[in-house]
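Okay everyone, let's get started.

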Amino acid sequence: KDEHLLASVLKPARYINNELNSYNKIPTENTVNFCLAFPDVYEIGMSHLGMSILYEKINQQTPYALERVFTPWPDMEAKLIENDLPLVSLESQTPLFQFPTVGFSLQYELNYTNILSILERGKISLLSSQRKEEEPLIIGGGPMTVNPEPLADFFDLFLIGDGEECILINKRRKL
């Protein structure tokens, strides 16, 4: 992020990858690159055990480079809008629209509007029917996939079940 933006927002540390045990994998052609989006602020997302488990387990696998993004606080969101800047990942500061896949952790209904905010700030078309081929595949997973219908227009697919079991490469077979 531009340093002038970080200097003008409350708690700028929530937008940089500076915490203990974070990964700094460099995405390449040979890695499976994707971004895990938690539709709440950094402090809530990082206190969620499921997010920590997915981040750790996936990044331990050689072919994966998993990055994270969280809903920006209103002060940062206003700065992104004001400067016409996209929301970026925590690790490499890559704009969301440049990822091949963005996966959302759907924990509870009150976060539904934050999903739309992340898509919009990430400069990704809101409706899956209007998404261009070069835009990311948008996946939803987590407890709210038991009834995905309210979000169906915004997602390309839903992953039902434990994410770490569904998306990792198994020694016996490749997913």
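**A quick tour**

So, going from the N terminus, the elements of the protein run α-β-α-α-β-α-β-α-β-β-α. That comes to six helices and five strands; helices (H or I, at least four residues) and strands (E, at least two) are DSSP runs, numbered from the N terminus.

Some ground rules: this is a predicted model, where local features need pLDDT of at least 70 and side-chain atom pairs count only at pLDDT 80 or more, while totals for chains, interfaces and linings use all residues. Residues are numbered from 1 along each chain as its sequence is written, and side-chain values use heavy atoms, with hydrogens and water left out.

Of the 175 residues, 45% count as buried, meaning under 20% relative accessible area, with exposed over 50% and partly exposed in between (1.4 Å probe, protein chains only).

Now, the largest nonpolar core has 24 residues. By that I mean buried Ala, Val, Leu, Ile, Met, Phe, Trp, Tyr and Cys residues joined through side-chain atoms within 4.5 Å. Which members touch the most others? Leu 96, Val 102, Phe 104, Ile 115 and Phe 155. The largest share, four residues, comes from H5. There's also a second, separate core of 13 residues, including Tyr 23 and Tyr 55.

Last stop: Leu 127, in the loop between H5 and strand S4 (137–141). Leaving aside neighbours within four places in sequence, Leu 127 is in contact (heavy atoms within 4.5 Å) with Asp 153 and Phe 154. Leu 127 and Phe 154 sit 27 residues apart in sequence, yet 4.7 Å apart in space, C-alpha to C-alpha.
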